[in-house]
Amino acid sequence: MLVTIFGYLYFGHNNVLKVNKYVILIIAFVSQMMFSTTAQASFSATVSDAWSTLSNNVTQTWQAPEHYDLYVPVITWHARFAYDQEKIDNYNERPWGAGFGMSRWDEKGNWNGLYLMAFKDSFNKWEPIVGYGWEKTWRPLADDNFHLGLGYTLGVTARDNWNYIPLPVILPMASVGYGPATFQMTYIPGTYNNGNVYFAWLRFQF
């Protein structure tokens, strides 16, 4: 017994350390694989749930709208810090146009809408956009007619300077409204002399 312990302490110690290193590496590798697999499964489940929710919201809004909406584009403002003055002077910031949509308020009081709009873009050319919008809605006052919203829009647009090739859009959206009238807006991010545009419209609910 004493010889065995002596041999472990003086002759087997380095080997034990090597074995321990290998064991630690194996445990770390297996743990990483398990964590990675779990994370991937969790991510896949999250994406699947999000897609299912989006699909259901779009379908329900299309099949059972509560309201029909008139859209009136109001302004396209190019961020002055992101453009040369020459471009600012030549760009159109009055997006004349109109649109039509359908919408509903879900069981949580949030807004869901489908829309089709056409307006004059920065180059004064017609730009259509079709999409779906969702906003988390708050009614912070005693008067429930006043409401605030924050959410996103997903859609497809086409522009003259891109030969009207369909382009997907994913943008933030916010709103402030009273009763059936809502001032809704988005911001298109970008680089210098490209993008960085604030776009807003009025939506009248019927």
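In strand 5, Gly155 is the bridge partner of Gly131. Gly131 is also the strand 4 bridge partner of Tyr115. The structure is a predicted model, in which local features need pLDDT of at least 70, side-chain atom pairs count only at pLDDT 80 or more, and totals for chains, interfaces and linings use all residues. Residues are numbered from 1 along each chain as its sequence is written, and side-chain values use heavy atoms, with hydrogens and water left out.

Strand 4 (residues 126-138) runs antiparallel to strand 3 (residues 111-120), and ten bridges join them. Strand 4 is likewise joined by ten bridges to strand 5 (residues 146-157), again in antiparallel orientation. Two strands are taken to pair if DSSP finds at least two bridges between them. The hairpin of strand 3 and strand 4 has five residues between the strands, and Asn124 there takes a positive phi near 65 degrees.

## Overall fold

The protein contains three helices and eight strands. Helices (H or I, at least four residues) and strands (E, at least two) are DSSP runs, numbered from the N terminus. Their order along the sequence is α-α-β-α-β-β-β-β-β-β-β.

## Burial, contacts and surface

The protein has 206 residues, of which 33% count as buried, meaning under 20% relative accessible area with a 1.4 Å probe, protein chains only. Of the contacts (heavy atoms within 4.5 Å) with a separation of 6 or more, 52% are between residues 24 or more positions apart.

The accessible surface comes to about 13,300 Å², and carbon and sulfur atoms contribute 68% of this area. Accessible areas come from the Shrake-Rupley method with a 1.4 Å probe.

Notes. Buried < 20%, exposed > 50% of the residue type's maximum accessible area, 1.4 Å probe, protein only.
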